[in-house]
Amino acid sequence: MRSSGSSPTTPADPDWPEDLGRLVERVQACTVCAANLPHSPRPVLRVSPTARLLIVGQAPGRRVHETGIPWNDPSGDLLRQWLGMTREQFYDAARIAIVPTGLCYPGTAKGGDLPPRPECAPLWHPQLIQAMPQVRLTLLIGAYAQAYYLGRRRGRTLADTVHAWHDFPPDLFPLPHPSPRNRLWLKRNPWFETEVLPALRERVGAALAPGDNDGAAP
């Protein structure tokens, strides 16, 4: 992967199944929506055949596009705070996979980043998920990830969806986007911090626990 520093997402990793290496090479060479991007395509993702937790966000922002490191921005800082993780823990790709809804930086419009390109998720997510059979929990961060994975099961608003986290399958957990632009949302919904975050950390801890006892520690 074209990112700074070493990363276990490199297709040449000798511990990877050959099929996953070839798949990641195809993802990184993708140009399907190149004509609609402000820069040359630069898919940003981290995958591993041993990942237990999958984080699905929206799309890389400008800083992430420049560094090639997912969630390498203030949104990532808050997300790690929500999860109770250090940067080192968060970027352990052997345990945590990161595949945004749109893999490339979509550019900006008045008021913020553009939505993820709609081609990415249907094209690549099913193949990538199939190649990561040990994933126990998928975090759906933001409305675009929830729309793709939950469809009609999501609530009328993002708050409705997140508040009903316990009504979804135990391997899916919806979250708001931790963007600084969402500070007002967090202030208006104090139940998120008091009710949802403790449950989130418990689910994540179970997903990352050793053993294969349905995500629970042995």
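Analyst: Strand 5 and strand 6 (residues 172–175) run parallel and are joined by four bridges. Leu 140 is also the bridge partner of Val 56, and strand 1 (residues 53–56), running parallel to strand 5, is joined to it by four bridges. Strands pair here if DSSP finds at least two bridges between them; strands (E, at least two residues) and helices (H or I, at least four) are DSSP runs, numbered from the N terminus.

This is a predicted model, in which local features need pLDDT of at least 70 and side-chain atom pairs count only at pLDDT 80 or more, while totals for chains, interfaces and linings use all residues. Residues are numbered from 1 along each chain as its sequence is written, and side-chain values use heavy atoms, leaving out hydrogens and water.

Five of the five residues of strand 5 (residues 137–141) are buried, so the strand is largely enclosed by the rest of the structure. Buried means under 20% relative accessible area, exposed over 50%, and partly exposed in between (1.4 Å probe, protein chains only). Leu 137, Leu 139 and Ile 141 point one way from strand 5, whereas Thr 138 and Leu 140 point the other way, and all are buried.

For another look at burial, turn to helix 1. In helix 1 (residues 18–28), the buried residues include Leu 20, Leu 23 and Val 27. The exposed residues Glu 18 and Asp 19 sit on the face of helix 1 turned away from its buried side.
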